[in-house]
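Let's take a look at how charged side chains pair up in this one. Have the sequence and the model open side by side as you read.

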Amino acid sequence: MQDPESIQINHRPELTDLAPRSNDLGSKVVPEVTCEKSEDTGNRELWEKVDPRDLKKKQQYTRLEMLWLAYQSIGVIYGDIGTSPLYVYSSTFTEEPRYDDLLGALSLIIWTLTLMVSIKYVLIVLRADDEGEGGTFAIYSLLSRYVWPSHSTQPRGMLNSTPPQANIVRRDPREERTIKMERSLSTDLNRTTRSTRSFLERSGFMKAILKIVGVLGVSLVMSDGVLTPAQSVLGAIQGLKVVKEDISTATIVGTSCGILVLLFLIQPLGTSKIASGFAPIVVIWLIFNMAFGIYNLVHFDHSVLKAFSPFFAGDYLVRNKTDGWKSLGGILLAFTGVEALFADLGAFNRSAIQLSWLSFAYPCLLLAYIGQAAYISNNPAAYSNPFFSSTPPGMFYPSLVVAILAAVVASQTMITAVFQLLSQIIKLSYFPQIKVVHTSNIFHGQIYIPWINWLLMIGTIIVTAAYSNVSLPPR
(Lines give C-alpha, C1' and ligand atoms only; values in the text may rest on other atoms or scores of the structure.)
Protein backbone atom coordinates (compact mmCIF):
# COMPACT_ATOMS: atom_id res chain seq x y z
CA MET A 1 0.00 0.00 0.00
CA GLN A 2 1.24 3.49 -0.84
CA ASP A 3 1.89 5.99 1.92
CA PRO A 4 -0.75 8.71 1.48
CA GLU A 5 1.80 11.30 2.45
CA SER A 6 3.58 10.74 -0.85
CA ILE A 7 0.55 11.92 -2.78
CA GLN A 8 0.09 15.51 -3.84
CA ILE A 9 -2.78 16.42 -6.08
CA ASN A 10 -2.99 19.81 -7.66
CA HIS A 11 -6.43 20.69 -8.97
CA ARG A 12 -5.84 24.34 -9.71
CA PRO A 13 -4.03 24.69 -13.03
CA GLU A 14 -3.93 27.96 -14.87
CA LEU A 15 -6.80 28.51 -17.27
CA THR A 16 -4.29 29.02 -20.07
CA ASP A 17 -3.28 25.37 -19.68
CA LEU A 18 -6.79 24.23 -20.48
CA ALA A 19 -7.02 25.16 -24.13
CA PRO A 20 -9.28 22.63 -25.92
CA ARG A 21 -7.33 20.11 -27.99
CA SER A 22 -8.50 18.65 -31.28
CA ASN A 23 -8.68 14.92 -31.93
CA ASP A 24 -7.95 13.23 -35.25
CA LEU A 25 -11.45 14.01 -36.53
CA GLY A 26 -11.08 17.70 -35.85
CA SER A 27 -13.73 17.78 -33.15
CA LYS A 28 -13.16 19.46 -29.81
CA VAL A 29 -12.58 17.42 -26.68
CA VAL A 30 -13.30 18.49 -23.11
CA PRO A 31 -10.31 20.14 -21.43
CA GLU A 32 -8.70 17.79 -18.97
CA VAL A 33 -6.53 18.29 -15.91
CA THR A 34 -3.67 15.99 -15.02
CA CYS A 35 -3.20 14.69 -11.47
CA GLU A 36 0.42 15.01 -10.33
CA LYS A 37 1.93 11.56 -10.03
CA SER A 38 4.02 10.26 -7.17
CA GLU A 39 7.26 8.50 -7.92
CA ASP A 40 5.54 5.10 -7.52
CA THR A 41 2.98 5.62 -10.25
CA GLY A 42 5.40 4.77 -13.06
CA ASN A 43 4.16 5.72 -16.49
CA ARG A 44 0.47 5.32 -15.70
CA GLU A 45 -1.38 8.57 -16.24
CA LEU A 46 -4.82 9.38 -14.92
CA TRP A 47 -6.99 12.17 -16.22
CA GLU A 48 -9.85 13.96 -14.56
CA LYS A 49 -12.32 15.99 -16.55
CA VAL A 50 -12.96 19.45 -15.15
CA ASP A 51 -15.09 22.21 -16.57
CA PRO A 52 -12.88 25.33 -16.71
CA ARG A 53 -15.81 27.41 -15.43
CA ASP A 54 -15.70 25.46 -12.17
CA LEU A 55 -12.06 26.20 -11.47
CA LYS A 56 -11.65 28.27 -8.33
CA LYS A 57 -8.63 30.49 -7.78
CA LYS A 58 -8.04 33.14 -5.16
CA GLN A 59 -8.54 36.45 -6.92
CA GLN A 60 -5.64 38.87 -7.28
CA TYR A 61 -6.18 42.65 -7.26
CA THR A 62 -4.33 45.69 -8.52
CA ARG A 63 -3.37 48.43 -6.05
CA LEU A 64 -6.25 50.60 -7.19
CA GLU A 65 -8.73 47.75 -6.77
CA MET A 66 -7.27 47.05 -3.33
CA LEU A 67 -7.81 50.64 -2.24
CA TRP A 68 -11.37 50.54 -3.56
CA LEU A 69 -12.04 47.29 -1.68
CA ALA A 70 -10.62 48.83 1.51
CA TYR A 71 -12.98 51.78 1.06
CA GLN A 72 -15.96 49.47 0.48
CA SER A 73 -15.09 47.37 3.51
CA ILE A 74 -15.53 50.45 5.71
CA GLY A 75 -19.16 50.69 4.59
CA VAL A 76 -19.96 47.04 5.31
CA ILE A 77 -17.70 45.71 8.05
CA TYR A 78 -17.31 48.56 10.54
CA GLY A 79 -20.90 49.69 10.90
CA ASP A 80 -21.43 47.45 13.95
CA ILE A 81 -18.15 47.85 15.81
CA GLY A 82 -18.03 51.50 14.74
CA THR A 83 -21.24 52.43 16.56
CA SER A 84 -20.08 50.96 19.89
CA PRO A 85 -18.93 54.36 21.26
CA LEU A 86 -22.62 55.21 21.61
CA TYR A 87 -23.06 52.88 24.58
CA VAL A 88 -19.87 51.22 25.89
CA TYR A 89 -19.35 53.45 28.95
CA SER A 90 -23.06 53.51 29.79
CA SER A 91 -23.11 49.71 29.67
CA THR A 92 -19.95 49.36 31.77
CA PHE A 93 -20.83 51.63 34.71
CA THR A 94 -24.00 51.66 36.79
CA GLU A 95 -23.13 54.88 38.60
CA GLU A 96 -20.81 57.85 38.19
CA PRO A 97 -17.33 56.34 37.89
CA ARG A 98 -14.35 57.31 39.99
CA TYR A 99 -11.22 58.46 38.18
CA ASP A 100 -9.33 55.20 38.84
CA ASP A 101 -12.26 53.13 37.57
CA LEU A 102 -12.54 55.31 34.47
CA LEU A 103 -8.84 54.80 33.73
CA GLY A 104 -9.22 51.06 34.27
CA ALA A 105 -12.19 50.79 31.93
CA LEU A 106 -10.43 52.87 29.25
CA SER A 107 -7.31 50.71 29.58
CA LEU A 108 -9.41 47.58 29.12
CA ILE A 109 -11.03 49.08 26.01
CA ILE A 110 -7.68 50.11 24.51
CA TRP A 111 -6.07 46.72 25.03
CA THR A 112 -9.19 44.83 23.98
CA LEU A 113 -9.24 46.65 20.64
CA THR A 114 -5.50 46.09 20.31
CA LEU A 115 -5.23 42.44 21.31
CA MET A 116 -8.61 41.02 20.31
CA VAL A 117 -9.24 42.94 17.11
CA SER A 118 -5.94 44.25 15.74
CA ILE A 119 -3.66 41.35 16.66
CA LYS A 120 -5.92 38.33 16.97
CA TYR A 121 -8.42 38.95 14.18
CA VAL A 122 -6.75 41.34 11.75
CA LEU A 123 -3.21 39.94 11.87
CA ILE A 124 -3.81 36.26 12.73
CA VAL A 125 -7.36 34.97 12.18
CA LEU A 126 -7.71 36.57 8.73
CA ARG A 127 -4.88 34.31 7.56
CA ALA A 128 -6.96 31.19 8.27
CA ASP A 129 -8.97 31.64 5.07
CA ASP A 130 -10.23 28.84 2.84
CA GLU A 131 -9.34 30.00 -0.68
CA GLY A 132 -10.28 33.56 0.26
CA GLU A 133 -13.40 32.65 2.26
CA GLY A 134 -13.71 33.45 5.97
CA GLY A 135 -15.93 32.51 8.89
CA THR A 136 -16.43 29.51 11.14
CA PHE A 137 -17.09 27.08 8.33
CA ALA A 138 -14.03 28.28 6.43
CA ILE A 139 -11.84 27.06 9.30
CA TYR A 140 -13.83 23.83 9.45
CA SER A 141 -13.48 23.30 5.71
CA LEU A 142 -9.78 24.17 5.81
CA LEU A 143 -9.15 21.65 8.57
CA SER A 144 -10.98 18.94 6.64
CA ARG A 145 -8.57 19.33 3.73
CA TYR A 146 -5.51 18.62 5.83
CA VAL A 147 -6.89 15.80 7.97
CA TRP A 148 -7.37 12.50 6.17
CA PRO A 149 -9.22 9.44 7.41
CA SER A 150 -6.97 6.71 8.75
CA HIS A 151 -7.89 4.37 5.89
CA SER A 152 -7.24 6.82 3.04
CA THR A 153 -4.27 4.97 1.55
CA GLN A 154 -4.00 4.45 -2.16
CA PRO A 155 -3.10 1.25 -4.03
CA ARG A 156 0.52 1.32 -5.19
CA GLY A 157 0.86 2.83 -8.61
CA MET A 158 -2.74 4.10 -8.69
CA LEU A 159 -4.47 7.35 -7.81
CA ASN A 160 -8.20 7.58 -7.36
CA SER A 161 -10.02 9.83 -9.78
CA THR A 162 -11.52 11.61 -6.78
CA PRO A 163 -9.04 13.45 -4.56
CA PRO A 164 -8.60 11.75 -1.18
CA GLN A 165 -9.92 13.84 1.66
CA ALA A 166 -11.16 13.54 5.18
CA ASN A 167 -14.49 11.95 6.01
CA ILE A 168 -15.34 15.15 7.86
CA VAL A 169 -17.24 16.89 5.09
CA ARG A 170 -18.90 15.96 1.83
CA ARG A 171 -18.23 18.69 -0.69
CA ASP A 172 -20.11 19.88 -3.72
CA PRO A 173 -18.65 17.57 -6.45
CA ARG A 174 -17.77 20.53 -8.68
CA GLU A 175 -16.06 22.45 -5.90
CA GLU A 176 -14.28 19.27 -4.78
CA ARG A 177 -12.34 19.05 -8.03
CA THR A 178 -11.10 22.64 -7.87
CA ILE A 179 -9.16 22.56 -4.61
CA LYS A 180 -5.61 21.65 -3.85
CA MET A 181 -5.15 18.70 -1.51
CA GLU A 182 -2.01 18.81 0.62
CA ARG A 183 -0.70 16.84 3.56
CA SER A 184 2.27 17.71 5.71
CA LEU A 185 4.73 14.88 6.23
CA SER A 186 4.73 13.37 9.68
CA THR A 187 8.47 13.98 9.89
CA ASP A 188 7.79 17.72 9.52
CA LEU A 189 5.47 17.79 12.55
CA ASN A 190 6.40 17.80 16.21
CA ARG A 191 5.13 15.02 18.43
CA THR A 192 2.17 16.97 19.85
CA THR A 193 0.91 18.10 16.43
CA ARG A 194 1.38 14.63 14.95
CA SER A 195 -0.55 13.03 17.82
CA THR A 196 -3.33 15.59 17.53
CA ARG A 197 -3.70 14.98 13.79
CA SER A 198 -3.72 11.22 14.26
CA PHE A 199 -6.40 11.55 16.94
CA LEU A 200 -8.62 13.71 14.72
CA GLU A 201 -8.23 11.31 11.79
CA ARG A 202 -9.17 8.25 13.80
CA SER A 203 -11.84 9.61 16.15
CA GLY A 204 -15.39 9.60 14.87
CA PHE A 205 -16.42 11.45 18.01
CA MET A 206 -14.09 14.37 17.30
CA LYS A 207 -15.29 14.59 13.70
CA ALA A 208 -18.86 14.83 15.00
CA ILE A 209 -17.82 17.53 17.50
CA LEU A 210 -16.16 19.52 14.73
CA LYS A 211 -19.35 19.36 12.68
CA ILE A 212 -21.49 20.47 15.61
CA VAL A 213 -19.18 23.38 16.49
CA GLY A 214 -18.98 24.48 12.84
CA VAL A 215 -22.74 24.40 12.32
CA LEU A 216 -23.39 26.06 15.70
CA GLY A 217 -20.98 28.88 14.90
CA VAL A 218 -22.70 29.59 11.59
CA SER A 219 -26.12 29.37 13.24
CA LEU A 220 -25.18 31.96 15.84
CA VAL A 221 -23.95 34.39 13.18
CA MET A 222 -27.12 33.85 11.13
CA SER A 223 -29.30 34.52 14.18
CA ASP A 224 -27.28 37.69 14.71
CA GLY A 225 -28.20 38.55 11.12
CA VAL A 226 -31.82 38.70 12.26
CA LEU A 227 -31.32 40.40 15.61
CA THR A 228 -28.72 43.03 14.73
CA PRO A 229 -30.73 44.84 12.00
CA ALA A 230 -33.82 44.90 14.22
CA GLN A 231 -32.03 46.15 17.31
CA SER A 232 -29.75 48.61 15.52
CA VAL A 233 -32.51 50.30 13.53
CA LEU A 234 -35.01 50.27 16.40
CA GLY A 235 -32.42 51.65 18.79
CA ALA A 236 -31.41 54.35 16.32
CA ILE A 237 -34.98 55.52 15.77
CA GLN A 238 -35.63 55.53 19.51
CA GLY A 239 -32.73 57.97 19.71
CA LEU A 240 -35.17 60.55 18.33
CA LYS A 241 -36.62 60.71 21.86
CA VAL A 242 -33.62 62.85 22.72
CA VAL A 243 -35.23 65.53 20.55
CA LYS A 244 -38.92 64.67 20.92
CA GLU A 245 -39.75 62.88 24.17
CA ASP A 246 -43.45 62.32 23.42
CA ILE A 247 -42.86 60.31 20.22
CA SER A 248 -45.13 57.22 20.29
CA THR A 249 -44.05 53.58 20.26
CA ALA A 250 -46.19 52.92 17.18
CA THR A 251 -44.34 55.64 15.29
CA ILE A 252 -40.96 54.22 16.30
CA VAL A 253 -41.88 50.66 15.32
CA GLY A 254 -43.52 51.70 12.05
CA THR A 255 -40.57 53.85 11.02
CA SER A 256 -38.13 51.09 11.97
CA CYS A 257 -40.00 48.49 9.94
CA GLY A 258 -40.12 50.82 6.93
CA ILE A 259 -36.36 51.38 7.08
CA LEU A 260 -35.75 47.63 7.42
CA VAL A 261 -37.90 46.83 4.39
CA LEU A 262 -36.02 49.44 2.37
CA LEU A 263 -32.69 48.02 3.58
CA PHE A 264 -33.54 44.52 2.35
CA LEU A 265 -35.07 45.78 -0.89
CA ILE A 266 -31.73 47.28 -1.95
CA GLN A 267 -29.76 44.08 -1.30
CA PRO A 268 -30.11 42.88 -4.94
CA LEU A 269 -27.97 45.86 -5.95
CA GLY A 270 -25.01 43.89 -4.64
CA THR A 271 -22.35 44.36 -2.00
CA SER A 272 -20.20 46.63 -4.18
CA LYS A 273 -22.89 49.25 -4.84
CA ILE A 274 -24.31 49.10 -1.31
CA ALA A 275 -20.87 49.34 0.27
CA SER A 276 -19.93 52.27 -1.96
CA GLY A 277 -23.10 54.06 -0.88
CA PHE A 278 -22.80 53.23 2.82
CA ALA A 279 -19.05 53.85 3.11
CA PRO A 280 -19.35 57.67 3.18
CA ILE A 281 -21.75 57.43 6.14
CA VAL A 282 -19.40 55.23 8.17
CA VAL A 283 -16.39 57.32 7.13
CA ILE A 284 -18.11 60.54 8.30
CA TRP A 285 -19.24 58.81 11.50
CA LEU A 286 -15.74 57.59 12.35
CA ILE A 287 -14.24 60.98 11.50
CA PHE A 288 -16.79 62.60 13.84
CA ASN A 289 -15.69 60.23 16.60
CA MET A 290 -12.02 60.95 15.95
CA ALA A 291 -12.54 64.73 15.84
CA PHE A 292 -14.72 64.76 18.99
CA GLY A 293 -12.12 62.62 20.76
CA ILE A 294 -9.29 65.00 19.91
CA TYR A 295 -11.41 68.00 20.94
CA ASN A 296 -12.29 66.49 24.33
CA LEU A 297 -8.73 65.34 24.93
CA VAL A 298 -7.40 68.86 24.33
CA HIS A 299 -10.12 70.75 26.25
CA PHE A 300 -10.63 68.43 29.21
CA ASP A 301 -8.43 65.83 30.94
CA HIS A 302 -5.49 64.64 28.85
CA SER A 303 -4.17 62.63 31.82
CA VAL A 304 -6.41 59.73 30.73
CA LEU A 305 -3.66 58.87 28.24
CA LYS A 306 -2.10 57.00 31.15
CA ALA A 307 -4.63 54.26 30.37
CA PHE A 308 -2.30 52.99 27.64
CA SER A 309 -0.47 51.27 30.48
CA PRO A 310 -2.02 47.82 31.05
CA PHE A 311 -1.39 48.29 34.78
CA PHE A 312 -4.64 50.23 35.09
CA ALA A 313 -6.63 47.42 33.47
CA GLY A 314 -5.26 44.87 35.93
CA ASP A 315 -5.66 47.22 38.88
CA TYR A 316 -9.32 47.83 37.91
CA LEU A 317 -10.13 44.12 38.02
CA VAL A 318 -8.21 43.54 41.25
CA ARG A 319 -9.80 46.48 43.10
CA ASN A 320 -13.39 45.84 41.98
CA LYS A 321 -13.20 42.04 42.27
CA THR A 322 -16.54 40.48 41.24
CA ASP A 323 -18.12 43.77 40.15
CA GLY A 324 -15.11 44.45 37.95
CA TRP A 325 -15.44 41.12 36.18
CA LYS A 326 -19.18 41.65 35.73
CA SER A 327 -18.53 45.01 34.09
CA LEU A 328 -16.56 43.25 31.36
CA GLY A 329 -19.93 42.66 29.70
CA GLY A 330 -19.95 46.36 28.86
CA ILE A 331 -16.31 46.33 27.74
CA LEU A 332 -17.16 43.47 25.38
CA LEU A 333 -19.43 45.83 23.46
CA ALA A 334 -16.33 47.73 22.34
CA PHE A 335 -15.60 44.95 19.86
CA THR A 336 -19.08 43.65 19.12
CA GLY A 337 -19.31 42.85 15.42
CA VAL A 338 -15.63 41.90 15.18
CA GLU A 339 -16.67 38.49 13.82
CA ALA A 340 -17.75 40.30 10.66
CA LEU A 341 -14.10 41.04 9.86
CA PHE A 342 -13.58 37.33 9.28
CA ALA A 343 -17.06 36.35 8.10
CA ASP A 344 -17.07 39.03 5.36
CA LEU A 345 -13.58 38.12 4.18
CA GLY A 346 -14.92 36.49 1.00
CA ALA A 347 -16.58 39.73 -0.08
CA PHE A 348 -13.34 41.69 0.22
CA ASN A 349 -9.89 40.29 1.04
CA ARG A 350 -7.36 40.18 3.83
CA SER A 351 -5.18 43.07 2.70
CA ALA A 352 -8.15 45.39 2.17
CA ILE A 353 -9.54 44.70 5.64
CA GLN A 354 -6.14 45.06 7.28
CA LEU A 355 -5.57 48.36 5.49
CA SER A 356 -8.97 49.85 6.38
CA TRP A 357 -8.82 48.75 10.03
CA LEU A 358 -5.23 49.57 10.93
CA SER A 359 -5.01 52.85 9.04
CA PHE A 360 -8.49 54.26 9.69
CA ALA A 361 -11.07 52.49 11.86
CA TYR A 362 -8.72 51.49 14.69
CA PRO A 363 -7.20 54.95 15.37
CA CYS A 364 -10.63 56.61 15.03
CA LEU A 365 -12.18 54.32 17.65
CA LEU A 366 -9.23 54.66 20.02
CA LEU A 367 -9.49 58.46 19.92
CA ALA A 368 -13.27 58.26 20.38
CA TYR A 369 -13.02 56.25 23.62
CA ILE A 370 -10.08 58.28 24.93
CA GLY A 371 -11.91 61.55 24.25
CA GLN A 372 -15.08 60.35 25.96
CA ALA A 373 -13.03 59.30 28.99
CA ALA A 374 -11.41 62.75 29.08
CA TYR A 375 -14.85 64.37 29.12
CA ILE A 376 -16.31 61.97 31.71
CA SER A 377 -13.28 62.61 33.95
CA ASN A 378 -14.45 66.24 34.34
CA ASN A 379 -18.20 65.45 34.02
CA PRO A 380 -18.84 62.04 35.66
CA ALA A 381 -22.61 62.18 35.06
CA ALA A 382 -21.97 62.06 31.29
CA TYR A 383 -21.23 58.31 31.49
CA SER A 384 -24.93 57.55 30.87
CA ASN A 385 -24.87 59.11 27.39
CA PRO A 386 -21.18 59.53 26.58
CA PHE A 387 -21.27 60.28 22.88
CA PHE A 388 -23.97 62.95 22.74
CA SER A 389 -22.93 64.51 26.05
CA SER A 390 -19.38 65.01 24.83
CA THR A 391 -20.16 66.54 21.43
CA PRO A 392 -18.54 69.95 20.84
CA PRO A 393 -20.80 73.03 20.83
CA GLY A 394 -23.05 73.23 17.78
CA MET A 395 -22.45 69.62 16.72
CA PHE A 396 -25.28 67.85 18.56
CA TYR A 397 -27.85 67.72 15.74
CA PRO A 398 -25.37 66.85 12.94
CA SER A 399 -23.95 64.07 15.12
CA LEU A 400 -27.47 62.82 15.92
CA VAL A 401 -28.32 62.50 12.23
CA VAL A 402 -25.04 60.75 11.42
CA ALA A 403 -25.41 58.45 14.45
CA ILE A 404 -28.85 57.31 13.32
CA LEU A 405 -27.60 56.68 9.77
CA ALA A 406 -24.54 54.81 11.09
CA ALA A 407 -26.70 52.60 13.30
CA VAL A 408 -28.84 51.72 10.28
CA VAL A 409 -25.74 50.94 8.24
CA ALA A 410 -24.54 48.67 11.07
CA SER A 411 -27.24 46.22 9.99
CA GLN A 412 -25.48 45.65 6.66
CA THR A 413 -22.51 44.11 8.45
CA MET A 414 -24.36 40.99 9.54
CA ILE A 415 -26.55 40.74 6.43
CA THR A 416 -23.44 40.46 4.26
CA ALA A 417 -21.90 37.99 6.73
CA VAL A 418 -24.96 35.73 6.48
CA PHE A 419 -24.72 35.64 2.68
CA GLN A 420 -21.03 34.77 2.80
CA LEU A 421 -21.38 32.02 5.41
CA LEU A 422 -24.39 30.45 3.77
CA SER A 423 -22.60 30.17 0.44
CA GLN A 424 -19.92 28.14 2.22
CA ILE A 425 -22.27 25.67 3.84
CA ILE A 426 -24.08 25.23 0.51
CA LYS A 427 -20.76 24.14 -1.03
CA LEU A 428 -20.26 21.67 1.80
CA SER A 429 -23.77 20.23 1.31
CA TYR A 430 -25.03 21.34 4.73
CA PHE A 431 -27.81 23.36 3.12
CA PRO A 432 -30.04 22.79 0.06
CA GLN A 433 -28.70 24.10 -3.24
CA ILE A 434 -30.46 27.46 -3.71
CA LYS A 435 -29.87 30.37 -6.03
CA VAL A 436 -26.71 32.37 -5.31
CA VAL A 437 -26.19 35.54 -7.37
CA HIS A 438 -22.69 36.93 -7.96
CA THR A 439 -23.23 40.68 -7.98
CA SER A 440 -19.86 41.94 -9.24
CA ASN A 441 -17.87 41.23 -12.38
CA ILE A 442 -14.74 42.56 -10.69
CA PHE A 443 -14.92 41.22 -7.13
CA HIS A 444 -15.97 37.60 -7.51
CA GLY A 445 -16.62 36.90 -3.83
CA GLN A 446 -19.48 39.39 -3.51
CA ILE A 447 -22.80 37.54 -3.57
CA TYR A 448 -26.52 37.90 -2.91
CA ILE A 449 -28.93 35.07 -1.97
CA PRO A 450 -32.56 36.06 -2.74
CA TRP A 451 -34.41 33.51 -0.60
CA ILE A 452 -32.28 34.21 2.46
CA ASN A 453 -32.65 37.96 1.99
CA TRP A 454 -36.44 37.79 2.16
CA LEU A 455 -36.40 35.36 5.10
CA LEU A 456 -34.08 37.71 7.00
CA MET A 457 -36.40 40.62 6.21
CA ILE A 458 -39.44 38.77 7.59
CA GLY A 459 -37.50 37.71 10.68
CA THR A 460 -36.22 41.19 11.48
CA ILE A 461 -39.66 42.76 11.07
CA ILE A 462 -41.16 40.18 13.45
CA VAL A 463 -38.40 40.84 16.01
CA THR A 464 -38.86 44.61 15.67
CA ALA A 465 -42.61 44.35 16.29
CA ALA A 466 -42.21 41.87 19.16
CA TYR A 467 -39.52 43.84 20.99
CA SER A 468 -40.87 47.30 20.35
CA ASN A 469 -39.66 48.55 23.73
CA VAL A 470 -35.95 48.09 23.04
CA SER A 471 -34.05 50.96 24.63
CA LEU A 472 -30.61 52.38 23.98
CA PRO A 473 -28.05 50.96 23.93
CA PRO A 474 -29.32 48.48 21.33
CA ARG A 475 -26.75 45.82 22.14
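R319 is partly exposed, with a relative accessible area of 28%. Keep in mind that this is a predicted model, so the values here are computed from it.

D101 counts as buried, at 10% relative accessibility, because the cut-off for buried is under 20%.

R319 also pairs with D315, and here the closest N and O atoms are 2.7 Å apart. Both residues belong to helix α10, and they sit 4 residues apart, so about one helical turn separates them. D315 is partly exposed, with a relative accessible area of 24%.

R98 is exposed, with a relative accessible area of 54%.

Here are the pairs in one place:

| Pair | N to O distance |
|---|---|
| D315 and R319 | 2.7 Å |

How many salt bridges does the structure hold? The count is 3. Put together, R98, D101, D315 and R319 are linked in a network of salt bridges. As for why such pairs form, side chains of opposite charge can pair when their charged atoms come close.

Terms used
Residues are numbered from 1 along each chain as its sequence is written. This is a predicted model: local features need pLDDT of at least 70, side-chain atom pairs count only at pLDDT 80 or more; totals for chains, interfaces and linings use all residues. Side-chain values use heavy atoms; hydrogens and water are left out. A salt bridge is a side-chain nitrogen of Lys or Arg within 4 Å of a carboxyl oxygen of Asp or Glu. Buried means under 20% relative accessible area, exposed over 50%, partly exposed in between (1.4 Å probe, protein chains only). Helices (H or I, at least four residues) and strands (E, at least two) are DSSP runs, numbered from the N terminus.
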